[in-house]
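Work through the exercises below with the model open. Each task is followed by a solution in steps.

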Amino acid sequence: MLHTRTTPAERRRALRERLATGRLLPMPGALNPLSARLIQDTGFEAAYLSGAVLAADLGLPDIGLTTSTEIAARAQQTTRAIDLPVLIDADTGFGEPMNAARTVQLMEDAGLAGLHLEDQVNPKRCGHLDGKTVTSREEMVRRIKGAVDARRDPDFLLMARTDARSVEGLDAAVDRAKAYVDAGADAIFPEALAGEAEFEAFRKAVDVPLLANLTEFGKTPLLDTRTLENLGYNIALYPVTLLRLAMGAVEDGLRTLATEGTQESLLPRMQTRSRLYELLGYGDYAAFDSTVHDFTLPPGT
């Protein structure tokens, strides 16, 4: 009720321990705290906050327009609502290495279990679009070292994302990943790999946890969890899946409402009132204060 039952430190340790098992960790991206509740309720063991989703929710493209404080505030709303460890997309760290250092502490304070920083330059863009520009390897190493120095909880996961595959080629991306690990990154996010062979090459070359980004309509094939586990990957990320599903349903619903003049035909596709109340934990609030939950739901809701 009102907040999670676990501490940020407990959730960070849980993520570290889960990654240490070597089993693949599927990680859906939440679009708001309520969808994060659904991720937990469905049985997933971790959740993600995508920079693209957080920007889109503000009606903005994913080009680095959001700020570290905006993202931290939104993250705290989510970490308050669930007991799962949450990993967040921290873009480029929102500025120079000193900004990246501040970002780490903001995200620690927001209750997150970890973040990833990428090696693009600003203005950044989605990792599966052409025309990206990556910063120098030396600059990204400074970014990572700043983040490592700023971290106060050693269990807070610092992941480095490299976008170099689409810009400099696979070998350069692997070399960058190795340099980022040497600089203190706990895990690597190789963006926009083109197929199983490239996933395999990265796994052979880099000896830390690896994330596979399975975003839809991108450059990476949508490999299934069995394949990824066989390839030795640690996290299967679905960053924008829930947003795309939700927005597709919203668009369909609006067209139906405009055409039919009633939402009657949409009812079978809706989450019911009773399911929403169950997800929100109305019963827990009732146990705290009986005046909060003193109604009976109409039949069929």
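This is a predicted model: local features need pLDDT of at least 70, side-chain atom pairs count only at pLDDT 80 or more; totals for chains, interfaces and linings use all residues.

Residues are numbered from 1 along each chain as its sequence is written, and side-chain values use heavy atoms, with hydrogens and water left out.

**Exercise 1.** Locate Asp91 and state whether Asp91 is buried or exposed.

Solution. Start with the position: Asp91 sits in the loop that links β3 (86-89) to α5 (97-109). Helices (H or I, at least four residues) and strands (E, at least two) are DSSP runs, numbered from the N terminus. Next take the accessibility: Asp91 has a relative accessible area of 4%, so Asp91 is buried. Buried means under 20% relative accessible area, exposed over 50%, and partly exposed in between (1.4 Å probe, protein chains only). Then list the neighbours, a contact being heavy atoms within 4.5 Å. Leaving aside residues up to four places away in sequence, Asp91 touches Gly51, Asp62, Gly64, Thr66, His116, Leu117, Glu118 and Lys124. Last, check the backbone: phi of Asp91 is near 50°, a positive value in a residue other than glycine.

**Exercise 2.** Find the loop that holds Ala192 and describe the phi of Ala192.

Solution. The loop lies between β6 (187-190) and α9 (196-205). Although Ala192 is not a glycine, its phi is positive, about 60°. Ala192 counts as buried because its relative accessibility is 4%.

**Exercise 3.** Describe how α5 and α6 pack.

Solution. Two packed helices are described by the angle between their axes and the distance between the axes. For α5 and α6 (residues 137-150) the angle is about 40° and the axes are 8 Å apart. Axes are lines fitted to C-alpha atoms, for helices over the stretch in contact, and angles run from 0 to 180 degrees between N-to-C directions. Now identify the residues that meet: Pro97, Ala100, Ala101, Val104, Gln105 and Glu108 in α5, and Glu139, Arg142, Arg143, Gly146, Ala147 and Ala150 in α6. By class, this contact has 6 nonpolar, 2 polar and 4 charged residues. Ala, Val, Leu, Ile, Met, Phe, Trp, Tyr, Cys and Pro count as nonpolar, Asp, Glu, Lys and Arg as charged, and the others, Gly among them, as polar.

**Exercise 4.** How many cavities of 30 Å³ or more does the whole structure hold, and what lines the largest cavity?

Solution. The search finds 1 cavity of that size. On a 1 Å grid over the protein atoms alone, a cavity is a set of points where a 1.4 Å probe fits but cannot get out, and a pocket is an open set with protein on both sides within 12 Å along at least five of seven lines; lining residues have an atom within 4 Å of a point. Grid points are joined across faces, edges and corners, and a volume is the space filled by probe spheres set on the points. The largest cavity holds about 50 Å³. Its lining consists of Leu115, Leu117, Ile144, Ala147, Leu158, Met159, Ala160, Gly184 and Ala185. The largest share, 3 residues, comes from β5.

**Exercise 5.** Which helix gives the most to the lining of the largest pocket?

Solution. The helix is α11, with 8 residues.
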